[in-house]
Structures are given as structure tokens and as C-alpha cells.
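Visitor: Please take one part of this structure and look at it closely. After that, show how other side chains pair up elsewhere in the chain.

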Amino acid sequence: MQTNQAFQKVQPLIAPGPELPRHIVSASQFTPELLKHVFNLAKEIEEFWAVCHGRLLSSEKELYDYKEEFLERHGVRGRKMFIVFYEASTRTRASFAAAWDFLGGQIPFYTENAKVFSSAAKGETLEDTIRVLASYGPDVIVLRHDENGAAKRASSAISCYDVSIISAGDGSDEHPTQALLDLYTIHHYIRNVEGISIAFMGDVARSRTIRSLAMMLAKYPGVRMYFCAPKITAMDDDLRIKLRAANVEFYEQENNWESLISDKVVNVLYQTRLQEERFKDASQKEEAMRLQPRYTITPEIGRLMNEKRVLLMHPLPRVNEIHLACDLFETSIYFSQAQLGLFVRMALLSAMLRNRRK
Ligand code: NCD
């Protein structure tokens, strides 16, 4: 059969790596193999960033050539991202936008308050909104929503389009890319994730960041988890069931969590704020707020963590659950954690689009 040469031309696939899922809606989609791939790329991007921002190359021409070569391999030129946020955000929204921009992509549609500024205000369903947006040709839609399961619903609504949904957090359920950056941070500081012990503290019930990171860590052998919270913000049964199913060794600790630091039981303490906006019952919220000071990182605890070399992480925003004086300690790594998120989001975006034809 005669074939037209022009139609035989296919775009070469660059540097094979494990295939990333089309949509990112849950931390449990990431295997250690996929994580390794994304983290290796993030490391490369970190170096690229340092060269570009540190003026490490001697001439403008050298820098230009270096950037061109890098973006040829890892960039997303000509690709489009839509950013659709129904809930407040600073870091996630800004880092996705900055990551995409740094890789050379475009952001033709951006709504930071979709509840007010999209047709949701007129009663349109999420599915209808996303279906229409997908038909306008983006490669990626980054979606944050206040309802659990929203990202999965959005991805099912656009199965006929060549568009990826990336969850930027849905309700109290999941925040997969935050887990990615949290794990990258642990990897960055501790190297080997296998066998680490981590304490999760604060609003364990409503923190999607805790749920996603716990599920991601559950993929590694020997990881021990301690969930430190009063009963009112203790973990939900569904996370308990998931962790048991994954054979994770975990403990729930209401009191005396300080001993996890003084006895150096944990390598990391992951603090979270009370998710005040997610309480349905005002009296429960009041009770949680009353108990919250018992789960605060004071300057004394921060100093102890520094002495014992226990890393203090937080997805941010911080309210009052870590005292400002703790920022000075070397083991308080939450701002570095936020910046590492930029590199890991670049790596994720680059890896997701790498093998996709335009
Ligand atoms: C978190 C979130 O939105 O779930 N923030 C973030 O994305 N870095 C944590 C929070 O809001 O408490």
C-alpha cells in the first residue's frame, strides 16, 4: 500500500522514562520507580536553575546556548496550561505558574477565584466547566477545588480530550503534588526514604497534605508513622484502613508527643495548621482551637529538634502552630521545602508532557 511520506513522520520520543499517568489525582498513583524518575529530573532542574540564577556561565552566549539546549530536552514550549482554582492558594498556584513559565510554556487562562469569577457562580457544574475548558486546547489543567474527589470527577469528564488534569488539592482528601514536593524535600535532606520515621501533627483529620504524604510514604518499606493529635482532629477511618492495607507500621499518639523528639524516635516532624475552614460543626472547631496550643512547636521544642537533628516540615501557610523564633533553626526547613516544590513541579510537568505529541 502506498503511504504518504508526510504522514509517516512522527515526532521522536525523547529520553524514555517510565510513563506518567495522564491525570494526577492521587498520591497513590506514584510508585517508587516513578518517584525516582521525577526526583532525578527535579535534581537536574535544580542545577539548571542554579546556573541560570547564579550567573555561573561566563558569557551571555554560553548561558543562552545552555538554556536552549536544556529547554529543548525538558521544556514545554508551545504548550498551554489553564489554572483553575476554586479555593485560596499562594504557593501551589504561584509555583505551578512559575514552573510552567520557566519551562517556556504559556498560561492563556488563569482564574484564582473560580467560585466567584467562573460560571460556577451561575450554578454551572464542575464537569461542564472543565469539559468546555478542555475543548479550548490546553495540555494541562491545574485544578484546586474544595470538594473531595473533584479532581477525579474532572478527569472523568474529559476522557475524550488529550488534556491532563493535575490536582492542586481537593477538599480534605488529597494534595498529590504537595506530597511529591514533601517527599522530594525528605529525600533532599535525608537521602534514603526507606526506614524513616515521621510524626504528623496538627489537623490529621482534615489535612489533605498529611493524607497524601502518608499514602506516598506507604510505598516505601520500613517507614514508621506517628500521628499526633487530639481525638477531635485524629485521623479518619479510611486513612487507617488504607495504611493497614499497605502494611504500614503506624501509631496514634494523643499525649507526650515531645518524647518522639527527645528520644529521637522520629527523623521528621510534619506540622500542619488547623483547617478551620473545613469544620462543619462550630463547637468541634472551638474545641480543636482550645486544644491546639498543646500541639504547637514552641521555641524550646524547635531548639530541641535542632539539637536532636529532627527536621521540622510544614506545607504552609503557617498560622500559629510553629513559633516564629523557630525559623532560625537549621532543622526548620519549611521555606526550603516550599522552594523545592518549584523544581519538583517543573519535573512533573516536563515528564508528563515529554512523550505527548502536540
Ligand atoms: C496546604 C493545602 O492547601 O492543603 N497548603 C499548600 O498547598 N501548601 C496546607 C494548608 O492549607 O494548610
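Guide: In this predicted model, a polar atom of the S167 side chain lies 3.1 Å from the backbone nitrogen of G169. S167 itself belongs to strand β4, which covers residues 164–170. Its relative accessibility is 0%, so S167 counts as buried, the cut-off for that class being under 20%. Setting aside neighbours within four places in sequence, S167 is in contact with I24, V25, L143, A151, E174, P176 and T177.

From this serine, turn to the charged side chains. Side chains of opposite charge can pair when their charged atoms come close. The model has 25 salt bridges by the rule used here, and a few of them can be taken in turn.

One of them joins D146 and K115, with 2.6 Å from N to O. D146 sits in the loop between β3 (140–145) and α7 (150–157), while K115 is in helix α5 (residues 114–117), so this pair ties together parts that are 31 residues apart in sequence. D146 has a relative accessibility of 25% and therefore counts as partly exposed. K115, at 42%, is partly exposed as well.

Another salt bridge is formed by the side chains of R153 and E127, at 3.0 Å from N to O. Here R153 is in helix α7 and E127 in helix α6 (residues 126–134), and the pair links distant parts of the chain, 26 residues apart. R153 is partly exposed, with a relative accessible area of 30%. E127 counts as partly exposed at 22% relative accessibility. Salt bridges that share partners also join D173, R211, D238 and K242 into one network.

R77 and E68 provide a further salt bridge, in which N and O are 2.9 Å apart. The relative accessibility of R77 is 36%, so this residue counts as partly exposed. E68 is at 27% and counts as partly exposed too.

Last, a pair of strands. Strand β6 (residues 224–228) and strand β7 (residues 249–253) run parallel and are joined by 5 bridges. In one of these pairings, R224 has E249 of β7 as its bridge partner. Between the two strands the chain passes through helix α10 (residues 237–245), and this β-α-β crossover is right-handed.

Methods:
Residues are numbered from 1 along each chain as its sequence is written. This is a predicted model: local features need pLDDT of at least 70, side-chain atom pairs count only at pLDDT 80 or more; totals for chains, interfaces and linings use all residues. Side-chain values use heavy atoms; hydrogens and water are left out. Two strands pair if DSSP finds at least two bridges between them. Helices (H or I, at least four residues) and strands (E, at least two) are DSSP runs, numbered from the N terminus. A crossover is right-handed if, with the strands pointing away from the viewer, the path from the first strand over the helix to the second runs clockwise. Buried means under 20% relative accessible area, exposed over 50%, partly exposed in between (1.4 Å probe, protein chains only). A polar contact is a pair of N or O atoms within 3.5 Å; within protein, one must be able to donate a hydrogen and the other to accept it, and residues adjacent in sequence count only if both atoms are side-chain atoms. Contact means heavy atoms within 4.5 Å. A salt bridge is a side-chain nitrogen of Lys or Arg within 4 Å of a carboxyl oxygen of Asp or Glu.
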